[in-house]
Every structure is written in structure tokens, then in C-alpha cells.
Amino acid sequence: MAYDTFTTLKSSAYPLPIENVDTDQIIPARFLKATERKGFGDNLFRDWRYNADGTPKENFVLNNTKYSGKILVGGPNFGSGSSREHAAWAVYDFGFRCVISSFFADIFKNNCLNVGVLPVQVSESFAEKIFESIGKNANTQIEINLEKQTVTLIDLGISESFDINNYKKENMLNGFDDIDYLQNMKNEITVFSKARML
Amino acid sequence: MSSTIFDKVWDEHVVRKVKNGPDVLFIDRHLIHEVTSPVAFLGLKSRGIKVLHPEKTFATADHNTPTINQHLPIKDPLSANQLKTLEENAKENGISHWGLGNKDNGIVHVVGPEHGITLPGLTIVCGDSHTSTHGAFGAIAFGIGTSEVEMVLANQCIMQEKPKKMRINVNGKLGAGVTSKDVALYIISKLSTSGATGYFVEYAGSTFESMSMESRMTVCNLSIEMGARGGMIAPDEKTFTYVKGREFSPKGKKWDTALAYWKTLKTDLDATFDKEYTFKASDIEPMITYGTNPGMGIGISKEIPFAKDVCEGEITYAKSLNYMNFNQGDAMQNKPIDFVFLGSCTNGRIEDFRAFASIVKGRKKAENVTAWLVPGSHIVKKQINDEGILDILTEAGFALREPGCSACLAMNDDKVPAGKYAVSTSNRNFEGRQGPGSRTLLASPLVAAAAAVTGKVTDPRKFI
């Protein structure tokens with residue numbers, strides 16, 4: 001499914017400075033029973049966000065009204081575990097368009113790129129600075145510029161550049177996806193396929 | 001130029017290299033299940049695209065299936081709808097489908113090898129991170145997201161950057177009571193849960209060479225638990241013997257040609273890796289996890305490490321132990337447990353049931369333990385019966401359930417209640433993985449069996 005374009009994003013952020021946030025926390029398996037992609041945001045971080053009786057856990061960051069925005073800042077090894085794209089859908093559906101971490105799990109990172117959430121990998125020290133800034137001011141503004149591949153803490157006036165392969169970058173800037181690309185090389189794939197022995 | 005087995009198989013499948021971008025990789029086999037495929041089929045429909053190679057696509061229902069009374073209608077309407085959707089999508093697109101109750105049904109990573117769908121030198125994907133299992137045959141196999149499932153259904157290709165290469169060598173003979181699961185948990189404890197992120201792993205050395213195909217599958221299955229996209233083992237005579245004669249493996253002249261090719265699938269002597277680790281089999285004892293990621297494992301005779309000695313930060317570590325209600329410095333042995341789960345794509349094969357039975361034979365299930373014994377497939381279940389293992393299990397007070405993913409991810413009714421401890425042969429001990437609030441101790445089938453008969457964490461070596 002092709003998605004929205006992504007060029008720049010200026011927003012406050014939710015801080016979640018926990019390591020190894022796995023996909024079972026992002027969206028527990030019992031919420032994977034849908035056959036359509038909708039409503040997953042309601043169950044984002046379900047068991048960290050709600051008590052068993054459905055009442056919100058007040059100390060969890062997504063329930064804290066002082067935080068807002070379209071950016072989620074996670075600890076290192078964010079998104080480890082399962083390949084469920086539902087995790088990326090839940091992040092998107094909640095309203096996030098960007099996740100910042102000093103280290104991402106591979107499949108989650110790919111899934112984000114495929115659904116229109118930009119994974120921005122920063123250095124550990126820059127991640128620390130972001131957490132510190134949000135700690136001091138919950139409304140800390142962060143600017144992501146995909147074209148320039150930069151992430152900026154606006155109040156501090158400090159920036160860092162991030163990596164993204166050029167192909168994926170173009171896709172996000174233009175709202176294309178891999179299927180659009182592959183559909184245009186059908187003949188090449190057919191020829192290749194016929195030459196396969198098994 | 002010298003190359004690794006991973007290079008050889010990967011390069012063989014590159015249809016096009018995108019400039020400053022990923023490779024377009026041809027996929028030989030695509031396995032699908034009910035949870036991660038429905039939205040992909042919806043996407044295809046909305047684009048008006050048909051499945052390009054239904055004959056290379058195989059569907060089985062596993063994640064969401066009940067493990068008792070499979071002949072009755074499924075109670076949960078959402079689960080029932082997911083299974084129905086898979087069946088309809090398979091039918092509509094001419095994809096072979098092993099649904100609930102079918103004699104070939106089972107966990108996707110168990111049935112693939114059983115039917116010869118998994119072969120050396122192939123590229124195999126599935127919308128499930130434990131697709132790495134199939135690497136045991138010298139295939140490149142990895143888990144993908146639903147957008148990628150749609151991509152493969154539409155074009156039989158996936159766009160991926162080639163991962164870096166890691167080799168993990170383990171040499172020597174494993175001690176009594178030490179299994180492939182312990183080898184994998186030991187490696188993950190050394191590398192951490194993200195130590196191989198960005199890499200594709202080759203497992204090499206005499207320890208893996210002496211393993212059965214089932215044991216190799218357990219090792220490769222757990223590659224993702226240290227962050228690796230996949231892991232593979234060079235095929236050998238054991239591999240060829242395993243795949244020969246299976247339903248979808250090549251026959252006659254095709255077999256001869258394939259076999260000649262498969263024999264070339266080895267890493268060249270002077271090939272290099274981006275990272276390499278070497279371990280000794282004799283250093284490995286039966287393992288158990290104490291925390292909330294698979295890297296938090298120790299030898300069963302050891303104590304839970306102190307925060308200063310682990311890779312997790314203090315806050316994360318404290319959160320994890322608090323969830324488990326364990327303390328730093330606690331011995332793992334003799335900790336009381338409530339549940340035992342034998343099964344999953346990690347340890348739901350015949351060898352695992354043989355191992356479990358070898359310990360419980362002549363003993364009785366502890367009264368305080370609820371045990372779920374879930375075969376990986378109907379074929380495994382039949383084997384359990386045919387080999388007389390079922391009699392041993394029954395005699396010891398255990399019952400066998402129907403195949404499925406079951407309590408590994410607790411999508412069905414097999415949920416460990418909040419606060420309860422489960423010794424599980426599955427692959428993840430994440431918070432709530434086996435049910436909200438559940439506490440998981442990952443271990444081998446032998447450790448699970450020892451816990452099942454004693455009701456507490458027990459070194460299985462005392463029963464051998």
C-alpha cells in the first residue's frame with residue numbers, strides 16, 4: 001500500500017528510554033487477529049499503557065498529558081522480536097510518523113519504512129541529549145528533514161545527520177513503495193524465474 | 001573471488017542491484033499463515049494484482065489455531081475469521097492450503113521441511129521472524145513484514161539490502177543433557193539480544209556438524225533472538241538424506257542436478273566474515289533464562305547475575321527482574337514453576353518429544369504443574385504415537401494436544417495466567433508473551449521435562 005509522502009516533520013515527542021522494547025510490548029499477539037489494517041493504535045503498548053481492567057496506567061508515557069507529538073523516542077534495540085508489521089501499523093495508527101532510537105531491530109525498521117514511519121537512527125549521545133531535553137521541557141521541538149537527512153533539537157540548535165539508503169529515501173519523499181518498483185520490472189523477473197531450476 | 005555459502009546463495013538470486021539501494025532478490029518459496037497475510041491479499045486486491053507464483057506459495061494455519069477440539073467450530077469469532085480468510089485467499093489464488101484439521105497441517109516452520117518445501121540453496125521467506133529455521137538446510141530464509149508478503153505475492157521478489165556476514169563456530173562434543181537449544185541460548189547470552197542485528201549468520205564447526213537436522217533447525221530458528229535476520233548451516237549428507245524422497249523435493253534427474261549443485265554450497269576456506277565468534281561445546285551446560293529477553297540466559301547451575309555484569313542498563317535490568325519477581329544473585333535451581341510448555345517452531349519436533357519422554361519415563365508429572373505438550377504438526381503427532389512416546393507420556397500423567405503455535409505466543413486460549421511461571425521450550429520470554437503478566441523461563445525439552453516432574457527448576461542431568 002503506497003503511503004503519505006514524508007519530507008520534513010517538526011514536532012514534540014514522547015520519550016520511552018527503555019532498552020530492547022520488543023514487538024510483543026508494542027502490540028501484544030492477542031491483538032493480531034484482525035484481517036484489515038485499522039485500529040491498531042488503540043492497542044499500542046497495550047499492557048504498559050493499561051491495567052488488566054482497561055484503566056490507563058497513569059505513569060506510562062503515552063498516558064501522560066504533558067507529552068504530545070508525532071515522534072516517539074525509544075531506547076536502544078527498539079522493535080526487537082517478531083516480524084509482525086502490526087507493530088509498525090500500531091505506531092502509525094497512534095499518530096507517530098517518526099521513531100528515533102540509537103539502534104533499531106532490522107525487521108521492525110524495514111516494516112516502518114514500508115508503512116510510512118521514518119526510523120531515525122542517532123548516536124547514543126544524541127539520543128541522550130534528546131531524552132535530557134524532553135526531561136527538562138516536555139514540549140521540546142525536534143525537526144526531521146528527510147531530504148537533508150538531519151535531525152535537529154531546535155531549542156539547543158544542535159543537529160545530527162542520519163543514514164537512509166537513497167532508494168528508500170526517494171520512496172518516502174515521493175510516497176512510492178517497492179511494489180510500484182517491482183511492477184515495472186516484470187519482464188526481467190519472468191526471465192529470471194524461468195531460469196530457476198527448483 | 002572466494003565467498004561464503006551466504007554469498008553464493010544470495011548472489012544466485014539477485015535479479016537486479018538497485019543503485020544506492022537494495023538488491024531485488026528472487027524468492028523460491030513463500031510460506032504464508034493466517035496472521036500476517038490477510039492485509040497483503042487485501043493490498044493485492046486493491047491494486048488489481050494477481051499472485052504471480054501460486055505454485056511457489058504454501059499456506060498453513062498455525063498461529064491462531066486451538067490445540068484441543070480442533071474438530072469443533074472455533075469459539076473466538078476473530079480467530080475463526082482469520083482462518084476462513086486464509087482459506088478463501090488460498091482458494092481464490094490457487095495456493096495449496098493446509099488448514100485446521102488437515103493431516104498435513106502444523107506450524108509453518110515444521111511443515112515446510114517435512115514436505116521438502118525447504119531445500120538447500122533456496123531463498124525462503126514468510127511473514128514470521130522464525131523463518132530463520134529453514135537455514136538449517138543451507139537455505140537463505142528470513143522473516144518479513146506484511147508489506148513484503150504482498151510484495152512477494154505480487155512479484156516473487158523482495159527488495160533487501162544484503163546483510164553483513166557473521167560466522168559462529170562451536171567445536172567439540174556436547175556434554176550429556178546439553179542440547180542444541182542450550183547451544184543457541186548460550187550463544188545468545190554471549191552476544192546479547194541485539195548482538196547479531198544487521199548480520200546473517202553461518203553456524204560452523206564440529207558441534208553443528210554432529211547435530212541432527214532437527215537440532216540444526218532449533219539453532220537456526222533462534223538466530224533472530226540475537227537480532228540476526230537469519231542463520232544457516234552448510235548442507236551435508238545428513239541434509240541430503242533428510243530431504244530425499246519428500247513430497248516437494250526434486251526427483252530423478254532433477255535430483256541429481258540439484259544434489260551436484262548443493263554439494264558446492266560451502267564457504268570457501270579463505271572467505272572472510274565481517275565478524276566471527278568461536279565457542280567451545282564443553283563450556284556449555286543446560287541453559288535457562290531468568291529475564292525478559294532471550295539474551296538473559298545462564299547455565300542452570302548458576303545464579304542470576306548482578307546488574308554490573310550484564311549488558312542491559314540498570315533501569316532496564318531492574319524492570320526485567322521486577323517483572324519476573326527475581327533478585328540478582330538468586331540461584332535458578334529449585335525455583336518453583338507452574339506451567340510447562342513443550343512445543344513451538346523451536347522445539348516442537350519429534351526429537352524434542354523423544355528427549356522430553358526420556359526424562360519423564362517412569363516418573364510422574366508434579367501435581368502443581370500444568371503441562372501443555374503441543375506437537376509441531378500432525379506428522380509429528382503421528383510419529384509420537386507410532387514410536388510409543390504417547391504411552392510413556394500418558395503413563396507419566398501428561399496429555400498430548402493438537403498441533404499449533406499455541407502458548408509460544410498465546411494468540412489462542414493457551415495462555416499462562418498473570419504472575420505464573422512457565423518453563424517453555426519456545427523462543428521468547430518477553431513480558432506477557434505467553435499471556436498478559438505471564439513469566440517465561442526458556443529452556444530445552446530436557447530442562448522442561450525435569451521441571452515438569454519436580455515442579456521446580458531442575459538440572460536434567462540428575463535424571464540422566
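In the predicted model, 49 residues of chain A are in contact with 64 residues of chain B, contact being defined by C-beta atoms, placed from the backbone, that lie within 7 Å of each other. On the side of chain A that touches chain B, at least two residues each come from helix 1 (23-26), helix 4 (106-115), helix 6 (166-174), helix 7 (178-183) and helix 8 (186-195). Helix 4 of chain A contributes the most to this side, with 6 residues. By class, the side of chain A that touches chain B holds 19 nonpolar, 15 polar and 15 charged residues; Ala, Val, Leu, Ile, Met, Phe, Trp, Tyr, Cys and Pro count as nonpolar, Asp, Glu, Lys and Arg as charged, and the others, Gly among them, as polar. Helices (H or I, at least four residues) and strands (E, at least two) are DSSP runs numbered from the N terminus.

Residues are numbered from 1 along each chain as its sequence is written, and chains are lettered from A and ligands numbered from 1 in the order in which they are written. As the model is predicted, local features need pLDDT of at least 70 and side-chain atom pairs count only at pLDDT 80 or more, while totals for chains, interfaces and linings use all residues.

Chain A comprises 8 helices and 8 strands. Its C-alpha trace spans about 60 × 45 × 25 Å along the principal axes of chain A. Chain B has 16 helices and 18 strands. For chain B the radius of gyration is 21 Å, close to the 23 Å given by the globule rule for 464 residues, so chain B is as compact as a globular protein of that length. The C-alpha trace of chain B spans about 55 × 55 × 45 Å along its principal axes.

In chain A, 4 strands make up an open sheet with parallel pairing, in the order 2-3-4-5; two strands pair if DSSP finds at least two bridges between them. Strand 2 (13-16) and strand 5 (118-121) of chain A are at the edges with a single partner strand each, so one side of each has no neighbour in the sheet. Neighbouring strands of this sheet are turned by 20° against each other on average, direction ignored. Axes are lines fitted to C-alpha atoms, for helices over the stretch in contact, and angles run from 0 to 180 degrees between N-to-C directions. Strand 4 (residues 98-101) of chain A runs parallel to strand 5 of chain A and is joined to it by 4 bridges. A:Cys98 has A:Leu118 in strand 5 of chain A as its bridge partner.

An open sheet of 4 strands with parallel pairing is also present in chain B, in the order 11-10-9-12. Its edge strands are strand 11 (230-232) and strand 12 (275-280) of chain B, each of which pairs on one side only. The twist from one strand to the next averages 20°. Strand 9 (residues 164-171) and strand 10 (residues 199-204) of chain B run parallel and are joined by 6 bridges, and B:Ile168 has B:Tyr203 in strand 10 as its bridge partner. Helix 1 (residues 5-12) of chain B lies across strand 9, strand 10 and strand 11 of chain B, at about 130° to strand 10.

Strand 1 (residues 14-17) and strand 2 (residues 23-26) of chain B pair in the antiparallel sense over 3 bridges, with B:Lys17 opposite B:Asp23 in strand 2. These two strands of chain B form a hairpin with 5 residues between them, and B:Asn20 in the turn has a positive phi of about 50°.

The axes of helix 2 (residues 38-47) and helix 5 (residues 146-155) of chain B come within 8 Å and cross at roughly 50°. Helix 2 and helix 5 of chain B are therefore oblique to each other; angles under 35 degrees count as roughly parallel, over 145 as roughly antiparallel, 65 to 115 as roughly perpendicular and the rest as oblique. The crossing of helix 2 and helix 5 of chain B is right-handed, that is, the near helix is turned clockwise from the far one by less than a right angle.

Conventions:
Contact = placed C-beta atoms within 7 Å. Rg over C-alpha atoms; globule rule 2.2 N^0.38 Å.
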